[in-house]
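Open your viewer and get your selection tool ready. We will walk through this model stop by stop, with something to select at each one.

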Amino acid sequence: MNCEKYLHLLDDLVEGELDEPTREQVDLHIFACSECASHFERLKKEKQLYSRYLFEIEPPKALWVKFQNKLEADQQQTILAAQKSFPVFEWTAKILGFLRLDPALTIAGALVLFAVGVGFFFSFFADERGVENGGLAPIQVMLPGIPENGALFTPSGNQNNDLAKDKGKAENSKNKAPNPSSKPFAIKQKETIKTQPKKDISAEFTYLAKEEQMQILEIKALETETAQQMEKIELLLRSFRNARLAEGSEQFDIAYEKQQARKLLAKNIELRQKSESYGTLFTEEMLSRVEPYLLDIANLDSNPSLAQVLEIKERVKNQNIIASLQSF
Amino acid sequence: MLYHASGEIKNLTDSIVAKAQSGDQEAFGLIFEEHHRFIYKFIYAMLGEHSLAEELTQETFLGAYKNLYSLREEAALKTWLCTIAKNTVYKSFRSRQKEGKQSEDEVESLNLPDDKNLLPDQQFLNKELNQFIREALETLDEDKRLVFILKELQYLSYKEISDITGEAISKLKTDLHRAKIKMRTLLRPYLEVKNEL
């Protein structure tokens with residue numbers, strides 16, 4: 001037999017890297033060649049042994065919280081670093097620092113800034129005709145439904161459209177202060193229109209969709225957990241199937257498998273109940289299928305008889321449970 | 001229902017990544033939940049210390065959070081995270097080499113109990129095996145250790161490992177083969193006594 005050709009392929013077979021036609025070819029060879037079959041078994045057991053190494057390694061439960069704290073601290077640091085590296089902030093801080101030393105100067109500065117701001121605001125909204133009239137320009141606000149000549153609302157609600165036509169009135173208005181209540185009213189209306197939130201028609205839809213999305217996410221999380229559970233059960237059943245007699249004894253050495261079965265059983269029940277509530281039939285079915293094996297292994301006596309252990313081993317082999325776990 | 005849900009879930013995974021890329025922390029939380037165990041185990045296997053694994057897992061996801069915008073294909077998320085983890089671990093190797101550090105965990109792991117009869121049960125034997133494997137892994141150079149862990153302990157394909165390391169598959173196969181030979185040699189005394197092989 002040309003075993004040399006197959007030796008390299010046995011490694012790839014154990015690693016699951018062979019395509020279907022090559023895998024079948026190698027399987028046939030293993031069936032016919034006892035040496036390659038033993039070598040293949042050794043490679044499988046070796047891989048199984050290594051797989052135990054990370055079996056119980058789990059991250060701490062609070063890792064997400066720790067990560068969030070770290071992220072927040074990092075973001076704070078980034079902001080501080082950005083502020084330090086941007087010179088304007090530094091200069092501003094220095095100027096403000098100087099002003100803090102002299103309160104009078106600070107107040108004067110603030111007043112000047114305020115006056116400049118108000119003046120800018122007035123000039124931005126000033127009506128040219130108002131300025132020509134010599135008084136303070138009445139504030140014009142372009143509100144919907146208001147004529148383009150920017151007529152003011154008076155408190156009484158009457159529009160005065162013909163300011164420009166009636167010079168007499170315009171002359172009078174020069175001496176009168178503009179109706180104080182009209183301006184705030186106009187401004188307020190503009191602000192109201194500006195800030196009024198849009199009617200949130202889409203919110204309801206988004207809210208419902210979000211609930212559905214949350215459920216799908218929960219199902220996904222359940223499936224991820226179940227896949228991890230299946231992986232661990234597969235390793236357990238392989239380990240149980242390959243269990244040997246303890247040295248100098250006629251009993252199987254399965255204390256480790258018993259212990260693992262108990263841990264996995266508790267988790268299995270929890271996941272099965274969750275999948276029942278979500279109605280994920282396939283997941284529920286797989287979990288229900290493996291539970292009897294976990295129960296039987298967990299409930300074995302501390303010194304189980306050969307017959308008890310062999311019966312479970314036979315069931316594991318005949319029902320091909322390991323293969324079906326691999327396909328999950 | 002499941003197949004229909006699977007299609008929705010695939011689309012939802014893509015949209016989770018898209019949301020995380022636009023700054024949605026909750027979406028990033030889901031990514032963390034899905035992948036942090038894998039990353040933690042990988043880093044632990046590379047370095048052999050829980051405290052370091054915890055710290056570097058957080059570093060990995062911090063790097064991922066900051067650079068998620070650069071991820072082009074959602075399907076490559078796992079290998080992308082592994083690449084960040086690998087770089088974080090290698091960076092740790094360099095700094096530890098410079099400082100000549102040896103952690104307390106490492107020191108403790110070398111102190112095997114004198115009287116093995118103190119804990120005769122299977123739990124002790126498994127713990128012993130884990131110590132052997134951990135110490136054997138430490139004798140492998142970084143590249144061989146990396147491919148051994150990703151292939152033998154974490155079941156990634158050669159294609160995925162190639163995406164993470166940037167190495168050709170032929171080189172990875174050679175490295176893995178040599179790593180296995182060395183591991184076998186180092187673990188033989190233990191394995192022969194326990195009749196495992």
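Predicted model: local features only at pLDDT ≥ 70, side-chain atom pairs only at ≥ 80, totals over all residues.

**Stop one: α2 and α3 of chain B**

Select residues 25-47 of chain B, which form helix α2. The crossing is right-handed.

Now show side chains. On the α2(B) side, the residues in contact include B:F28, B:I31, B:F32, B:I39, B:Y40 and B:I43. Among their counterparts in α3(B) are B:L52, B:A53, B:L56, B:F61 and B:Y65. Colour this contact by residue class and you will find 14 nonpolar, six polar and one charged residues.

**Stop two: α3 and α4 of chain B**

Which residues of α4(B) meet α3(B)? They are B:W80, B:L81, B:I84, B:A85, B:T88, B:V89, B:S92 and B:R96. From α3(B), B:L52, B:L56, B:T60, B:F61 and B:A64 are among the residues taking part. By class, this contact has nine nonpolar, five polar and two charged residues.

Look again at B:L52, B:L56 and B:F61: they are in the contact with α4(B) and also in the contact with α2(B).

**Stop three: where the chains meet**

Zoom out and colour by chain. The contact takes 48 residues from chain A and 59 residues from chain B. How much area is buried between chain A and chain B? About 5,200 Å², with carbon and sulfur atoms giving 61% of it.

**Stop four: charged pairs**

Side chains of opposite charge can pair when their charged atoms come close. There are 31 salt bridges over all chains, and 12 salt bridges lie across the interface of chain A and chain B.

Select B:E34 and A:K220, whose closest N and O atoms are 3.1 Å apart in a salt bridge. B:E34 sits in helix α2 of chain B and A:K220 in helix α10 (residues 201-241) of chain A, so this pair joins two chains.

Finish with A:K47 and B:E152: they form a salt bridge with the closest N and O atoms 3.7 Å apart.

Terms used. Residues numbered from 1 in each chain as written. Chains lettered and ligands numbered in written order. Heavy atoms only, no water. Contact = heavy atoms within 4.5 Å. Helix = DSSP H or I, 4+ residues; strand = E, 2+ residues; numbered from the N terminus. Nonpolar A, V, L, I, M, F, W, Y, C, P; charged D, E, K, R; others polar. Buried area = accessible area lost by both parts, 1.4 Å probe. Salt bridge = Lys/Arg side-chain N within 4 Å of Asp/Glu carboxyl O. Axes fitted to C-alpha atoms, helices over the stretch in contact; angles between N-to-C directions. Left-handed = near helix turned anticlockwise from the far one by under 90°.
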